[in-house]
Amino acid sequence: MNTRDTYTASPSTVRYETARVEGLNIAYRQAGDPENPKLVLLHGFPASSHQYRNLLPALADRFHVIAPDYPGFGNSDMPDPASFAYTFDRLCHITASFLMQKRFDRYGLFVQDYGGPVGFRMVTRNPDALEWLIVQNSNAYEVGFTPAWAGLRNALWKGRTPQSEQGVAGLLEFEGIKAVYLHGHRRPELISPDNWNMDFRFMERPNARRVQMDLFYDYRTNVELYPQWQRFLRERQPRTLIFWGQNDIFFTPEGGEAYLQDLPDAEMHHLDSGHFAVEDCLDRIATNMCRFYDEKVALAPQRGSARRAK
């Protein structure tokens, strides 16, 4: 009798797939049972869904988790910026269309860095999609900018010229990308060099630096929307969990605290970490996400006073 071994992936197995969205191939990672509560992870700069490579399996027993790469990032298509507008509005539109295609109609939303401008646009346009919110070093307040933004706020945003672009171009080079990953992280040995080596390889593709510079310039439109996003949080009061790396190269500790002005019932975790806190605080983040969902979202208890975890 002939026998054939069969392999059935466990729910925590991460799958790497692509979807065709408005003519573009959008790469994404997903894990977990589709019958479980849905959770969307939106990545930051200069990364891709790769930044969630460890968080996805850590959450997959509890959630159906999905993490797309925006156009121009990671393994998604990067159309020519001469004919494709790289703006946060466009990234929002493509990401929302992707989630609709994947039948993510209502979900928890994890935003980090660029994930905030993309995600806040999505949920302010479709508030009923948001079940709960997780914020990890994603800014929505003027007080959140560190001096690392000087070249953007004081030069590029006031006038895009070759000179003002040159002032921030170092962020797109190898040492600049590496610094984003390592700055403020107390245990750099926990952070894989694959992060910056891969991101820099993507940055070496034709037009990649132009794509990122377009988004650097367009970031000014996010600041204009901060009052709208703050009003959304204040009026809707989504159940919110905040993880804030206190040593972020881009965003100040005050930027994290500012959320509590509009979300007094949010749970705040101060992390001795930097921009990519999932790299060295994975267990704390994953464990508290599962606990918070079970206590505050699944059971939908009455909201109480803000809980702070040092």
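These exercises, each with a worked solution, concern the predicted model shown above.

Residues are numbered from 1 along each chain as its sequence is written, and side-chain values use heavy atoms, with hydrogens and water left out. Because the model is predicted, local features need pLDDT of at least 70 and side-chain atom pairs count only at pLDDT 80 or more, while totals for chains, interfaces and linings use all residues.

**Exercise 1. The chain as a whole**

Find how many helices and strands the chain has, and compare its radius of gyration with the globule rule.

Solution.
- Step 1. Count the DSSP runs: helices are H or I runs of at least four residues and strands are E runs of at least two, numbered from the N terminus. The chain has twelve helices and nine strands.
- Step 2. Take the radius of gyration over C-alpha atoms, and the rule as 2.2 Å times the number of residues to the power 0.38. The chain gives 19 Å, close to the 19 Å of the rule for 310 residues, so it is as compact as a globular protein of that length.
- Step 3. Along the principal axes, the C-alpha atoms fill a box of roughly 70 × 60 × 40 Å.

**Exercise 2. Burial, contacts and charge**

State what percentage of the 310 residues is buried, and what share of the contacts between residues at least 6 apart joins residues at least 24 apart.

Solution.
- Step 1. Buried means under 20% relative accessible area, exposed over 50%, and partly exposed in between (1.4 Å probe, protein chains only). Buried residues make up 56% of the 310.
- Step 2. A contact means heavy atoms within 4.5 Å. Among contacts between residues at least 6 apart in sequence, 76% join residues at least 24 apart.
- Step 3. For charge, Lys and Arg count as positive and Asp and Glu as negative, without His and the chain ends; each charge is placed at NZ of Lys, CZ of Arg, CG of Asp or CD of Glu. The mean positions of the 35 positive and 38 negative charges are 3 Å apart.

**Exercise 3. The cores and Y107**

Identify the residues of the largest nonpolar core that touch the most other members, then describe the surroundings of Y107.

Solution.
- Step 1. A nonpolar core is a set of buried Ala, Val, Leu, Ile, Met, Phe, Trp, Tyr and Cys residues joined through side-chain atoms within 4.5 Å. The largest has 72 residues, of which Y107, L109, Y114, F216, Y219 and Y259 touch the most other members.
- Step 2. Helix α2 (residues 88-101) gives the most to this core, six residues.
- Step 3. A second, separate core holds 28 residues, including V14, L41, Y52 and L55.
- Step 4. Y107 sits in strand β5 (residues 107-112) and counts as buried because its relative accessibility is 4%.
- Step 5. Beyond four places in sequence, the contacts of Y107 include K38, L39, V40, L99 and W132. K38 is 69 residues away along the chain, yet the two C-alpha atoms are separated by 4.8 Å.

**Exercise 4. Backbone exceptions**

Locate the cis peptide bond from F45 to P46 and the positive phi values of R103 and N137.

Solution.
- Step 1. Most residues other than glycine have a negative phi, and most peptide bonds are trans.
- Step 2. The bond from F45 to P46 is cis, with omega near 0°, and P46 is in the loop between β3 (38-42) and α1 (55-59).
- Step 3. R103 has phi near 65°; R103 is in the loop between α2 and β5 and is exposed, at 65% relative accessibility.
- Step 4. N137 has phi of about 50°; N137 lies in the loop between β6 (130-136) and α4 (150-153) and is buried, at 0%.

**Exercise 5. H43 and E17**

Is H43 buried or exposed, and which residues does E17 contact beyond four places in sequence?

Solution.
- Step 1. H43 is in the loop between β3 and α1 and is buried, because its relative accessibility is 0%.
- Step 2. Contacts of H43 beyond four places in sequence include S48, Y52, D69, F73, Y114 and G115. The C-alpha atoms of H43 and G115, 72 residues apart along the chain, are separated by 5.2 Å.
- Step 3. E17 lies in strand β1 (residues 15-21) and is partly exposed, at 31%.
- Step 4. Beyond four places in sequence, E17 contacts I26, A27, Y28 and Q30. The C-alpha atoms of E17 and W149, 132 residues apart along the chain, are separated by 35 Å.
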